[in-house]
Amino acid sequence: MRLLVRTSRKLALTSEGLAFYEHCAALCAAARAAVDSVGEARSARGVVRVNAAGVFAAL
């Protein structure tokens with residue numbers, strides 16, 4: 001699946017790339033909301049481990 005179309009003068013998202021971007025943006029917003037829900041009274045500490053498919057390592 002191609003996410004980008006690249007020419008010598010232009011870089012653009014494909015429709016699949018735009019859909020992928022929108023999902024990623026929603027995930028980032030959800031992560032920000034999760035951090036904000038903890039509140040400023042408590043600061044988050046510790047290690048967060050994320051398991052993901054190998055395909056994400058290339059991104």
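The protein chain exposes about 5900 Å² in this predicted model, and carbon and sulfur atoms supply 58% of that area. Buried residues account for 3% of the 59 residues in the protein chain.

The protein chain contains one helix and two strands. Along the sequence these elements follow the pattern β-β-α. The mean pLDDT of the protein chain is 85, and 86% of the residues score at least 70. Among the elements, strand 2 has the highest confidence, at 95, and helix 1 has the lowest, at a mean of 92. Where pLDDT is low, the predicted coordinates should not be read in detail.

Helix 1 covers residues 15–38, a run of 24 residues. From the first C-alpha of helix 1 to the last, the distance is 35 Å, close to the 34 Å expected at 1.5 Å a residue. Helix 1 is followed by Gly39. The phi of Gly39 is positive, near 90 degrees.

A nonpolar patch lies on the surface and is formed by Leu4, Leu11, Leu13, Leu18 and Tyr21. Together these residues have about 510 Å² of accessible area. Strand 2, which spans residues 11–13, and helix 1 are the elements that give two or more residues to the nonpolar patch. One member of the patch, Leu11, is found in strand 2. The relative accessible area of Leu11 is 56%, so Leu11 is classed as exposed, the cut-off being over 50%.

The structure holds zero disulfides. In general, a disulfide is a covalent bond between the sulfur atoms of two cysteines. For Cys24, the closest cysteine sulfur is that of Cys28, at 6.8 Å. Because a disulfide requires the two sulfur atoms to be within 2.5 Å, this distance is too far for a bond.

Technical notes:
Residues are numbered from 1 along each chain as its sequence is written. This is a predicted model: local features need pLDDT of at least 70, side-chain atom pairs count only at pLDDT 80 or more; totals for chains, interfaces and linings use all residues. Side-chain values use heavy atoms; hydrogens and water are left out. Helices (H or I, at least four residues) and strands (E, at least two) are DSSP runs, numbered from the N terminus. The expected span of a helix is 1.5 Å times one less than its number of residues. Patches are made of residues with over 30% relative accessible area and no salt bridge: like charges are joined within 9 Å, nonpolar side chains (Val, Leu, Ile, Met, Phe, Trp, Tyr) within 5 Å. Accessible areas come from the Shrake-Rupley method with a 1.4 Å probe; for residues, only the protein chains shown count as cover. A salt bridge is a side-chain nitrogen of Lys or Arg within 4 Å of a carboxyl oxygen of Asp or Glu. Buried means under 20% relative accessible area, exposed over 50%, partly exposed in between (1.4 Å probe, protein chains only). pLDDT is the predictor's confidence in each residue, from 0 to 100.
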